[in-house]
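Please examine the model shown below.

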Amino acid sequence: MSIENLEDFVALDPFFRIIQEGLEGLVDGDHFFDLLAEDVVVEYVVSVPGYPRRVHGRRAVADLYRGYGDVMVLAGADELAVHHDPEASVVVLEYAVHGRAVHTGRGYDNHFVSVITIKDRQVTHWRDYLDSVAVFRALGWPAETR
């Protein structure tokens, strides 16, 4: 199963590329969504208000990410560190993303740690940690008073 209208996700391309690089040789697929099992579970442990804590299924992840470009547009991703435990089928990715918030024009620089479980060459579980303050700064929340 593939996700149609991949153009809807262009704002996330640097994120998709760094994840594919970090999981290279461990999973199959040509695009980020292909790497995910149909019944993948994604948990956002450290997140921001209004964002779900848990998403179940590839389609639900795509639906969540579809509107990302309305809020943030990524220009790059780097600082990749890959920690792989083959016996547990777990990969920990550390990485940074860089971009700009659409409504404020402010720069966005965030660091992530993603704990990823792989089974049958697909991601079955994803636990994400991020710097929520970086999101708040980019979005201009709370509003600065002068």
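Helices (H or I, at least four residues) and strands (E, at least two) are DSSP runs, numbered from the N terminus. This is a predicted model, in which local features need pLDDT of at least 70, side-chain atom pairs count only at pLDDT 80 or more, and totals for chains, interfaces and linings use all residues. Residues are numbered from 1 along each chain as its sequence is written, and side-chain values use heavy atoms, without hydrogens and water.

Helix α3 spans residues 58–66 and contains arginine 58. The buried residues of α3 are Arg58, Val61, Ala62 and Tyr65, where buried means under 20% relative accessible area, exposed over 50%, and partly exposed in between (1.4 Å probe, protein chains only). Because these residues cover an arc of only 100° around the axis, they lie on the same side of α3; the arc is that of the directions from the helix axis to the C-beta atoms. An α-helix has 3.6 residues a turn, so residues three or four places apart point the same way.

The side chain of arginine 58 reaches the backbone oxygen of leucine 36 at 2.7 Å.

Salt bridges are counted when a side-chain nitrogen of Lys or Arg is within 4 Å of a carboxyl oxygen of Asp or Glu. By this rule there are four salt bridges. Arginine 66 pairs with aspartate 8 in one of them, with the closest N and O atoms 2.6 Å apart. Glutamate 43 forms a salt bridge with arginine 54 (3.4 Å, N to O) and another with arginine 127, at 3.8 Å.

Notes:
A polar contact is a pair of N or O atoms within 3.5 Å; within protein, one must be able to donate a hydrogen and the other to accept it, and residues adjacent in sequence count only if both atoms are side-chain atoms.
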